Amino acid sequence: LPNLETPEAPKISIWGQRRRKYLREYQKPLYTAMLLGDTLNAYLEEVDRYATEMFDRLIEQLKVRDGITEEVKAANQLEWVQRMNVIRQEAAEIVTKELICV
């Protein structure tokens, strides 16, 4: 019997998972080639790392743009949470448009 080992699962978060789903659904030849060439996991880890960095950077830039500071958080936590949720959604849309669905 051959000594088969299961491939190590990639260490990816939501961004890598979204990219894998996009490739599997809309870029099937590329997905299959990367899977057979054993480059898919490394690629997904790289995309995930880059997307996470971009997301974090966008959050900080959007907070500055909208004037969301610790003073706002201290003065009105509910408003701060609402504004942060809007910023997180906007950043997620940008990352998805520019990195995940290309």
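In this account, helix axes are lines fitted to C-alpha atoms over the stretch in contact, and the angle between two of them runs from 0 to 180 degrees between N-to-C directions. Helices themselves are DSSP runs (H or I, at least four residues), numbered from the N terminus. The model is predicted: local features need pLDDT of at least 70, side-chain atom pairs count only at pLDDT 80 or more, and totals for chains, interfaces and linings use all residues. Residues are numbered from 1 along each chain as its sequence is written, and side-chain values use heavy atoms, with hydrogens and water left out.

Two packed helices are described by the angle between their axes and the distance between the axes. For α1 and α5, the angle is about 45° and the axes are 11 Å apart. The two helices are therefore oblique to each other; angles under 35 degrees count as roughly parallel, over 145 as roughly antiparallel, 65 to 115 as roughly perpendicular and the rest as oblique. The crossing of α1 past α5 is right-handed, a term used if the near helix is turned clockwise from the far one by less than a right angle, with anticlockwise giving left-handed. On the α1 side, W15, R18, R19 and Y22 meet A92, V95, T96, L99 and I100 of α5, where contact means heavy atoms within 4.5 Å. This contact comprises six nonpolar, one polar and two charged residues. In this classification Ala, Val, Leu, Ile, Met, Phe, Trp, Tyr, Cys and Pro count as nonpolar, Asp, Glu, Lys and Arg as charged, and the others, Gly among them, as polar.

Helix α5 (residues 77–100) also packs against helix α3 (residues 40–66); their axes come within 9 Å and cross at roughly 140°. That angle makes α3 oblique to α5. Here too the crossing is right-handed. The α3 residues in contact with α5 include V47, Y50, A51, M54, F55 and L58, and their partners in α5 include R83, M84, I87, A91, V95 and L99. The residues of this contact divide into 16 nonpolar, no polar and seven charged.

A further packing involves α1 and α2, whose axes come within 5 Å and cross at roughly 115°. R20, L23, R24 and Y26 of α1 make the contact with K28, L30 and Y31 of α2. Four of these residues are nonpolar, none polar and three charged.

A pair of aromatic rings is described by the distance of the centres and the angle of the planes. The structure holds two such pairs, counting rings of Phe, Tyr and Trp (its six-membered ring) whose centres lie within 6.5 Å, with planes under 30 degrees apart called stacked, over 60 edge-to-face and the rest tilted. W15 and F55 form a tilted pair, 5.6 Å centre to centre with 50° between the planes. This pair links distant parts of the chain, for W15 belongs to helix α1 (residues 14–26) and F55 to helix α3, 40 residues apart. W15 is buried at 6% relative accessibility, and F55 is buried at 9%; buried means under 20% relative accessible area, exposed over 50% and partly exposed in between (1.4 Å probe, protein chains only).

The rings of Y22 and Y26 have centres 5.3 Å apart and planes at 40°, so this pair is tilted. Y22 and Y26 are separated by about one helical turn because they are four residues apart in helix α1. Y22 is buried, at 14% relative accessibility, whereas Y26 is exposed, at 56%.

S13 lies in the segment before α1 and is partly exposed, with a relative accessible area of 28%. Setting aside residues up to four places away in sequence, S13 touches D48 and T52. S13 and A51 are 38 residues apart in sequence and 9.9 Å apart in space, C-alpha to C-alpha.

D38 lies in the loop between α2 (28–36) and α3. This residue has a positive phi of about 60° although it is not a glycine, and D38 is exposed at 63% relative accessibility. E70, in helix α4 (residues 70–75), is likewise exposed, with a relative accessible area of 51%. Between E70 and W80 there are 8.9 Å in space, C-alpha to C-alpha, and the two are 10 residues apart in sequence.
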